[in-house]
Amino acid sequence: MVLAILGANGQVGKSLYDVFKSSEHTCFFYTKEELDICDKYSFEKMVISNKPDFIINTAAFTQVDEAETETK
């Protein structure tokens, strides 16, 4: 199984790394610097090149107050 895990530097992403690092699955871990999930073309390129069976999105906007005003 091939997995793409987004938000690799976050708490959940790091935990998934610990779980999957020694598994038999092929895993690609992406930080926000490595893959901008808001950039459709970069995202499509990642999917086409890695052909993941599953994409796990753990990316998050953690500035709760800013999320209220920065809706985009």
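Here is a short tour, stop by stop.

A word on ground rules: this is a predicted model, where local features need pLDDT of at least 70, side-chain atom pairs count only at pLDDT 80 or more, and totals for chains, interfaces and linings use all residues. Residues are numbered from 1 along each chain as its sequence is written, and side-chain values use heavy atoms, with hydrogens and water left out.

**Stop 1: the salt bridge.** Select Lys21 and Asp18, whose side chains meet in a salt bridge at 3.9 Å, N to O. The term asks for a side-chain nitrogen of Lys or Arg within 4 Å of a carboxyl oxygen of Asp or Glu. A search of the whole structure finds 1 such bridge. Now colour by accessibility: Lys21 is exposed at 53% relative accessible area, while Asp18 is partly exposed at 47%. (Buried means under 20%, exposed over 50%, partly exposed in between, with a 1.4 Å probe and protein chains only.)

**Stop 2: both ends of H2.** Show helix H2, residues 40-50; helices here are DSSP runs of H or I with at least four residues, strands are E runs of at least two, and both are numbered from the N terminus. At the start of H2, a side-chain oxygen of Asp39 comes within 3.1 Å of the backbone nitrogen of Tyr41.

**Stop 3: Thr58.** Move along to the loop between strand E3 (54-57) and H3, where you'll find Thr58. Is Thr58 buried or exposed? Thr58 counts as buried, at 18% relative accessibility. Draw two distances from its side chain: one to the backbone oxygen of Leu6, at 2.5 Å, and another to the backbone oxygen of Gly7, at 3.2 Å.

**Stop 4: a negative patch.** Finally, select Asp65, Glu66, Glu68 and Glu70, which gather in a patch of negative charge on the surface. Patch members need over 30% relative accessible area and no salt bridge, with like charges joined within 9 Å and nonpolar side chains (Val, Leu, Ile, Met, Phe, Trp, Tyr) within 5 Å. Glu70 belongs to the segment after helix H3 (64-69), and counts as exposed at 51% relative accessibility.

Definitions and conventions. Accessible areas come from the Shrake-Rupley method with a 1.4 Å probe; for residues, only the protein chains shown count as cover. Lys and Arg count as positive and Asp and Glu as negative; His and the chain ends are not counted. The place of a charge is taken as NZ of Lys, CZ of Arg, CG of Asp or CD of Glu. A polar contact is a pair of N or O atoms within 3.5 Å; within protein, one must be able to donate a hydrogen and the other to accept it, and residues adjacent in sequence count only if both atoms are side-chain atoms.
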